[in-house]
Amino acid sequence: MVKESRVDVLIIGAGPSGLMCANALAGAGVDVRIIDNRPIGVPAGQADGIQPRTIEVLQSYGLAEPLLREGGQMYLCAFYNPSSNGGIERTGRAPDVTAPTARYPFKITIGQSRIEALFMDSMKSRGVTVDRPIVPSSLEISEDPEELLDPSSYPVKVVLDHISPSGTVPEQEIVHAKFVVGADGAHSWVRKTLGISMDGEQTRYIWGVIDFTPDTDFPDIRNRTAIHSENGSCMTIPREGDKVRFYLQMSEKDVMDPKTGKLDSLKVTPEKLIEVAGKTLYPYKVDKKEVEWCSIYIIGQRVASSFSAKERVFIAGDACHTHSPKAGQGMNASMNDTHNLAWKLAQVVRGRADISLLKTYELERKKYAQDLIDFDRQWSGLFSGKARTSGNEDGVSHEQFLRAFKSFGGFSSGISVHYVPSAIVDTTHQACAPSITIGQRMLPQMFVRAADARPIEIQDMLLSDTRFKLLLFVGLLTPEQLAKVGRLAEELQLPTSFLQRYGYPAQGKTQSMFDIIPIAAGNKDDVNFLDLPPIFRTHWSKVLMDDVDVTGRLGGGAYNRFGIDEKEITMIAVRPDGYVGMIAPSTALESMDKYFGSFLIPL
């Protein structure tokens, strides 16, 4: 008899995107299951770069510290171009991260297997492991409109084949799920089963990639480098320990089978890639001490025509966008897809948010994916193009490449991701804090904790725990201002206020809906945080001051930096994924009521 089971969310694919989703949902107390068709995870190779915004996101899950400790950190990028004497020469250096508000002014390089292990360890502590090797064989979504609109229903039926030792028939299982997430890679079975097309094009650029420990006299081997040479282009990326990754532009004769006109992977050996590296980096010498992994690919730039089917089955990561790896976006974009989706799924599964909230996943992440492809098209074109030389005046100049490198910095780092207005992004009162962009992530800023003067980074209080963080900039606490704060507290305790209508309490593993964090202006020595109404100081650790710490080096200046008036009370709603959803003055409380009322279900 075929086994049948039920689950809130079934995730197909245990790469970084699927694991991010499973870990987030497990942390939220959602009944989640994740399967993968591979008997083990990725042993080596694949993605290896973590951008500054992704470090912030991983920190919000409590997962960044091991990566900061173990990974390589890239602070500089060096640029090389053809020399008049033959070979290459360095033409400049620049910070590798150019986004001015980056909390982490570097990128981390570490193997994908280590990142996956971090997620799996975190999930295991919550009782969730990857079921493998399991292959889905069919997927059906109910056609019943009422069932599809009922978040407590199980309208998705997936048949799974448990892969047994060779020669035996797979054991089948039927899973009934409320929601399914397809994070099963560029050749996604989920996407194909849903009939979703990938729109875009394949470029003519062919690249080899190799992870190895080099023996070289190249002076920038521990920095990221962008190299244009007469022999083609190359990017080097320092990895953890002594390892380095080389991306090498290949010629068709090096890698194509002349009879079939297709890539011949047998022609791409470590020796061949090192030979190409030696020609590209001349006059510097490159040899290998130890090779970990190598591969080859043709750049494809495509975006899925849809990211979901009936808001019940979603695709994420490489399943819905593919592009070149040299800008370091693949794994970062993939993990941030499901970081965006997971909190929305959690609130809908709990019955606290309307199912329409899930429409914002495609709205936000598809636009990002299209922007990513546009960026990648320009970036990979510049990178793969021939360098400008005396014999090639139409080539890419160093100045042109450097301008693009700097102008793309905000996007490539993930820092400037900007979600458009929607039910969860309301820009009505942007003028209350002009320097905090609604739709972008909350800026990093050091404050001082009022109770004990400990310096606190605000992002460290914006945990990815499915709660909305209400940052209350209560201003300079004069007697007159405290009276205003008191009136706001009274209004927020009325049954009609959003805090009461949608203020779900914590229940078991399920977190409460709101976390209130007041931030006062003024001197830490003059403020008594107990002067604030009890509703605003839910715990002594939650009240912050916009002042410098005891050393005089950390904190201060936030009101001025953000453009917030110290004489007013400004409310900032930070979404569970760390993005600013709404800003409003205390005099426009009805705007906050309307904002949360557009997607949350009253108690």
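**Entry 1: glutamine 459**

I started with the neighbours of glutamine 459 and found that it touches Arg53, Glu56, Arg103, Arg441, Met442, Leu443 and Pro444, leaving aside residues up to four places away in sequence. A reminder to myself: this is a predicted model. Next I looked up where the residue sits, and glutamine 459 lies in the loop between strand E21 (455-457) and strand E22 (468-476). Is glutamine 459 buried or exposed? Its relative accessible area is 8%, so I noted it as buried, the cut-off being under 20%. I also followed its side chain, which reaches the backbone oxygen of methionine 442 at 3.1 Å. Methionine 442 is also one of the residues on the contact list above.

**Entry 2: helix H1**

I moved on to H1, residues 16-27. H1 has twelve residues and spans 16 Å from its first C-alpha to its last, close to the 16 Å expected at 1.5 Å a residue. How many of its twelve residues are buried? I found eleven, so H1 goes down as mostly covered. Among the buried ones are Gly18, Leu19, Ala22, Asn23 and Ala26. After the helix comes glycine 29, with a positive phi near 80°.

**Entry 3: helix H9**

H9 has 20 residues and reaches 28 Å between its first and last C-alpha, close to the 28 Å expected at 1.5 Å a residue. H9 is mostly covered too, with 19 of its 20 residues buried. Glycine 351 follows H9, and its phi is positive, near 80°.

**Entry 4: H1 against H9**

Here I put the two helices together. Their axes come within 8 Å and cross at roughly 30°. Angles under 35 degrees count as roughly parallel, and H1 and H9 are therefore roughly parallel to each other. I noted the crossing of H1 past H9 as right-handed. Which residues meet? From H1 I listed Pro16, Ser17, Met20, Cys21, Ala24 and Leu25, and from H9 Met331, Ser334, Met335, Thr338, His339, Ala342, Leu345 and Ala346. Pro16, Ser17, Met20, Cys21, Ala24 and Leu25 are buried in H1 as well.

**Entry 5: isoleucine 55**

My last stop was isoleucine 55, found in helix H2 (residues 52-60). With 1% relative accessibility, isoleucine 55 counts as buried. I listed its contacts as Ile50, Ala64, Leu68, Tyr104, Phe106 and Ile108, again without residues up to four places away in sequence. I also checked valine 32: isoleucine 55 is 23 residues from it in sequence and 24 Å from it in space, C-alpha to C-alpha.

Note on methods:
Residues numbered from 1 in each chain as written. Predicted model: local features only at pLDDT ≥ 70, side-chain atom pairs only at ≥ 80, totals over all residues. Heavy atoms only, no water. Helix = DSSP H or I, 4+ residues; strand = E, 2+ residues; numbered from the N terminus. Expected span 1.5 Å × (residues − 1). Buried < 20%, exposed > 50% of the residue type's maximum accessible area, 1.4 Å probe, protein only. Polar contact = N/O pair within 3.5 Å; in protein donor to acceptor, adjacent residues only side chain to side chain. Contact = heavy atoms within 4.5 Å. Axes fitted to C-alpha atoms, helices over the stretch in contact; angles between N-to-C directions. Parallel < 35°, antiparallel > 145°, perpendicular 65-115°, else oblique. Left-handed = near helix turned anticlockwise from the far one by under 90°.
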